[in-house]
Amino acid sequence: MEQTPMKPERAAMIIGASGDIGGAVAAALADMGFALTLTHYEQPSPVELPEPETNGASAVRWCRLDVTDAKAVREVMESAIAAHGPPYAVIYCAGVLRRSPLMLMAEEQWRHVLDVNLTGAFHCLQVAARTMSVARRGRIVLLGSAWCHEAPPGQAAYAASKAGLEALCRVTAAEVGRFGVTCNVVAPGAVESRSLMELDQVRSHSDVIARTPLRRVGRATEVASAVRHLLTEEAGFITGQTLRVDGGAFIG
Amino acid sequence: MNNTIDMQAIYDIVRYALDRDDLETIDPETHLYKDLHMDSMGAVAMVVEIERLWGLRIPDDLISKLMTPKSYLDVVLDLNGAAA
């Protein structure tokens, strides 16, 4: 007799898992035993993920998602809930970089960056916050950027969106805390990634390293470790915070 | 709190939403906003608790129209009947 696969004990969603950091977060959460729903916009990440035990249920699902489409976000998240049950963790890693001096920036470019980096997070938070609040448990982590406190020229939209993400995190934390849900930001500094190449165009790589107390750029796995910690039992009293993973580059 | 859908259960949810375990002066027509000073965050707590207890999702566009315990009970009974 065919058995209905059991829902996994813990499920997570990673929105925007196809980038360097998103892929590292996916690997970290798979290692923790989460059943995963991962979203991408163009291509899924090539990162190899260990398959957690799930009694037959598919442990890793990839879905294409345009985070700027609120209806699509709701549908993808509801499909994840149907497949794996209410998520214990939702990690928002989706983001775009478009470099342009403020005075030359097309409005379309400004809107696109804000729509993906900030409004997309809002779309996901609306579903995640409600589902987790009903379940009386959950961890939300938003990928911010330590660069938003640095003011990199050419990145007005990016910096504004990431600063907005921190404010969104704090308000979300204040609203859902009573239901046992936490919300935090992990804010990477200079991390080996395709995005760093774009962000770092105005100064040399060596300049960034020289101003970093730890004298190196970070690794995507180190950012993923910070996310991982925020999902542990031990991090249950941390909420509304921004955890910078920047080698100390922006401490003063 | 048990899972029976009745006015007492709604009163318990109001107390939970307002963080007022001591609240006794409440009846079906008590105005949650004018009489008990509930705000939108209280309304959020009401709908989340209703969904948690009974698995019923109150449509978003209805929430701001629910002003009294009776209006909440009516909606919950309606949704429960539809779900059955």
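In this predicted model, seven strands of chain A form an open sheet in the order E3-E2-E1-E4-E5-E6-E7, and the pairing is parallel. Strand E3 (60-64) and strand E7 (242-245) of chain A stand at the edges with a single partner strand each, so one side of each has no neighbour in the sheet. On average, neighbouring strands of this sheet are turned by 15° against each other, direction ignored. Here is a quick tour of what surrounds that sheet, and of one contact between the chains.

**A strand pair in the sheet**
- Strand E4 (residues 89-92) and strand E5 (residues 138-143) of chain A run parallel and are joined by four bridges.
- One residue pair to look up is A:Val90 and its bridge partner in E5(A), A:Ile140.

**Helices on the sheet**
- H3(A) packs on the sheet and touches strand E1 (11-15), E4, E5 and strand E6 (181-188) of chain A.
- The direction of H3(A) makes about 175° with that of E4(A).
- Helix H4 (residues 156-176) of chain A also packs on the sheet, where it touches E5, E6 and E7 of chain A.
- Between the directions of H4(A) and E6(A) the angle is about 160°.

**Where chain A meets chain B**
- Helix H3 (residues 107-135) of chain A and helix H2 (residues 40-54) of chain B have axes that come within 8 Å and cross at roughly 60°.
- H3(A) and H2(B) are therefore oblique to each other, and their crossing is right-handed.
- From H3(A), the contact is made by A:Arg130, A:Ser133 and A:Val134; from H2(B), it is made by B:Val47, B:Val48, B:Glu51 and B:Arg52.
- By type, the residues of this contact of H3(A) with H2(B) divide into three nonpolar, one polar and three charged.

**A loop residue**
- A:Ala151 lies in the loop between E5 and H4 of chain A.
- A:Ala151 counts as exposed because its relative accessibility is 57%, and the cut-off for exposed is over 50%.
- A:Ala151 and A:Ile81 are 70 residues apart in sequence, and their C-alpha atoms are 39 Å apart in space.

**Chain A as a whole**
- Chain A has seven helices and seven strands, which follow the pattern β-α-β-β-α-β-α-β-α-β-α-α-α-β along the sequence.
- Of its 252 residues, 54% count as buried in chain A.
- Among the contacts in chain A with a separation of 6 or more, 73% are between residues 24 or more positions apart.

Definitions and conventions: Residues numbered from 1 in each chain as written. Chains lettered and ligands numbered in written order. Predicted model: local features only at pLDDT ≥ 70, side-chain atom pairs only at ≥ 80, totals over all residues. Heavy atoms only, no water. Axes fitted to C-alpha atoms, helices over the stretch in contact; angles between N-to-C directions. Helix = DSSP H or I, 4+ residues; strand = E, 2+ residues; numbered from the N terminus. Parallel < 35°, antiparallel > 145°, perpendicular 65-115°, else oblique. Left-handed = near helix turned anticlockwise from the far one by under 90°. Contact = heavy atoms within 4.5 Å. Nonpolar A, V, L, I, M, F, W, Y, C, P; charged D, E, K, R; others polar. Pairing = 2+ DSSP bridges. Buried < 20%, exposed > 50% of the residue type's maximum accessible area, 1.4 Å probe, protein only.
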